[in-house]
Amino acid sequence: MKAIVAGSWFDGARHHAEPVTIVVDDDRIAEVLPGDRATGLPTTRCGFVMPGLVEAHCHLFLDGGELDFGARTRHLDAPFERMMEVARANVGRNLAAGVTLVRDAGDRYGVNHAIRAGSRTLAVRSAGIALRRPGRYGAFMAREITTLDEARAAVRELAATADDLKIIETGIIDFESGTVKGAPQFDAETLGAIVRCAHEAGLRTFAHCSGTEGIGVAVDAGVDSIEHGFFMTGDILRRMADRGTAWVPTFSPVHFQWRRPEVAGWSPPTIAKLRAILDSHAEHVAMAARLGVNLVAGSDAGSPGVAHGAALIDEIRHFLDCGLAMDQALRAQRPRCRGDCGAPKRRTSPGGSASTSRCSMPTRSTIPCIWEPLPRSCIRTARAQWRRRTPAAGCEAAPR
Ligand SMILES: [Zn+2]
């Protein structure tokens, strides 16, 4: 038995600004006591405690810290074992940030499935390989399908190993013009048929899409979750609220382009376009929260400048910067997100898993670190990474 005393906490639904004492027996939460209690047990103190974080959109085989575009391209031809090394390091980074579940958003090399099979510490939901139109965006994560029959056959084949179906519905944003490249990849009829086929096979669907036209098609086709969703509109958000469509707004990749324009060499007009895109995105995320759209936090880690683990914390901060209350921002983590990711809901309550994250997001002052009852090997990895950062007040390394 041991105890953790936190200055504030999130129980999976509500943020509590007052201290809490959580008694942990093996890997289960035995008791949650209000206030800072003397239990006589070995006690760890921290600024904030919550259930393990969920990263709803990342690409484990890609190193988001790699900013050399040539190196990133060469990585796509790297041997499988090299990709696995990168993915294992990213598992460690997620654990170090307090993430206990990730949803991988696709790779065509099968690294996500291999990591899922081998991971004892981080729960991985893997879509395997996504679907796209021939010659269109998404080569590194998707296979090409031409006809609806081909699509149906692919969905049935993927269903044998995938946890979700990822569909590439649009291109990416051309930051210089401030628009999305190309028309939507699938029309509403075809995409609707793919979604129905996936649902029949027991797969939820999530679609890469940005641009008003593509997002509208994806929502009308019944896709379960809109990924990215830049150039959102109020009308589409109302349809999403009615249909229960989730939104993973992935601020981080665009925010990095704006914050570090020298990496890609963006001109001042392009930097201004990036800022306008981010501002509009923030307004629509705030509107989504008001309308009751199911907002889910996912960082698109693996994209340039989007480091696994740390970027998810940034993503939650972006939600706060949109004006969301702490409760709303943390609920974008869980428990609905766990449900969307197909995992059991967890709460910081007796009987709950003690794979709990400790971090101090409410004060935005420190970095997160993971809670003890995870296996020792993973704790060691997380600690080693954590020590390389600068410890800050309110989040101590757990004594051992
Ligand atoms: Zn992605």
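1. Two residues are taken to be in contact if their C-beta atoms, placed from the backbone, lie within 7 Å. On that basis, residues 24 or more positions apart account for 67% of the contacts in the protein with a separation of 6 or more.

2. The model is predicted: local features need pLDDT of at least 70 and side-chain atom pairs count only at pLDDT 80 or more, whereas totals for chains, interfaces and linings use all residues. Residues are numbered from 1 along each chain as its sequence is written.

3. The protein has 14 helices and 19 strands. These are DSSP runs, numbered from the N terminus, with helices (H or I) of at least four residues and strands (E) of at least two. Of the 400 residues, 49% count as buried. A residue is buried if 20 or more other C-beta atoms lie within 10 Å of its own, exposed if 12 or fewer, and partly exposed in between, with C-beta atoms placed from the backbone.

4. Val24 belongs to strand β3 (residues 20-25). Val24 is buried because 22 other C-beta atoms lie within 10 Å. In sequence, Val24 and Leu41 are 17 residues apart; in space, their C-alpha atoms are 9.8 Å apart.

5. Helix α2 (residues 80-96) has 17 residues and reaches 24 Å from its first C-alpha to its last, close to the 24 Å expected at 1.5 Å a residue. The expected span is 1.5 Å times one less than the number of residues. The buried residues of α2 include Met83, Ala87, Asn90 and Arg93. Gly98, which follows α2, has a positive phi near 90°.

6. In helix α4 (residues 148-158), the buried residues are Ala151, Val155 and Leu158. Seen down the axis of α4, these residues fall within an arc of 70°, so they line one face of the helix; the arc is that of the directions from the helix axis to the C-beta atoms. The buried residues of α4 pack against β9 (130-132), β11 (164-168) and α5 (188-200).

7. Strand β15 (residues 225-228) contains His228. His228 has a positive phi of about 80° although it is not a glycine, and this residue counts as buried because it has 29 C-beta neighbours inside 10 Å. Phe231, in the loop between β15 and α7, is another residue other than glycine with a positive phi, near 70°. With 22 C-beta neighbours inside 10 Å, Phe231 counts as buried.

8. The axes of helix α7 (residues 234-243) and helix α10 (residues 268-291) come within 10 Å and cross at roughly 35°. Axes are lines fitted to C-alpha atoms, for helices over the stretch in contact, and angles run from 0 to 180 degrees between N-to-C directions. Gly234, Leu237, Arg238 and Ala241 in α7 meet His284, Met287, Ala288 and Leu291 in α10. The residues of this contact divide into five nonpolar, two polar and one charged. Ala, Val, Leu, Ile, Met, Phe, Trp, Tyr, Cys and Pro count as nonpolar, Asp, Glu, Lys and Arg as charged, and the others, Gly among them, as polar.

9. Helix α8 (residues 252-259) packs with α10 at an angle of about 145°, their axes being 9 Å apart. The contact is made by Val254, His255, Gln257 and Trp258 of α8 and by Ile271, Leu274, Arg275, Ile277 and Leu278 of α10. The residues of the contact of α8 with α10 comprise six nonpolar, two polar and one charged.
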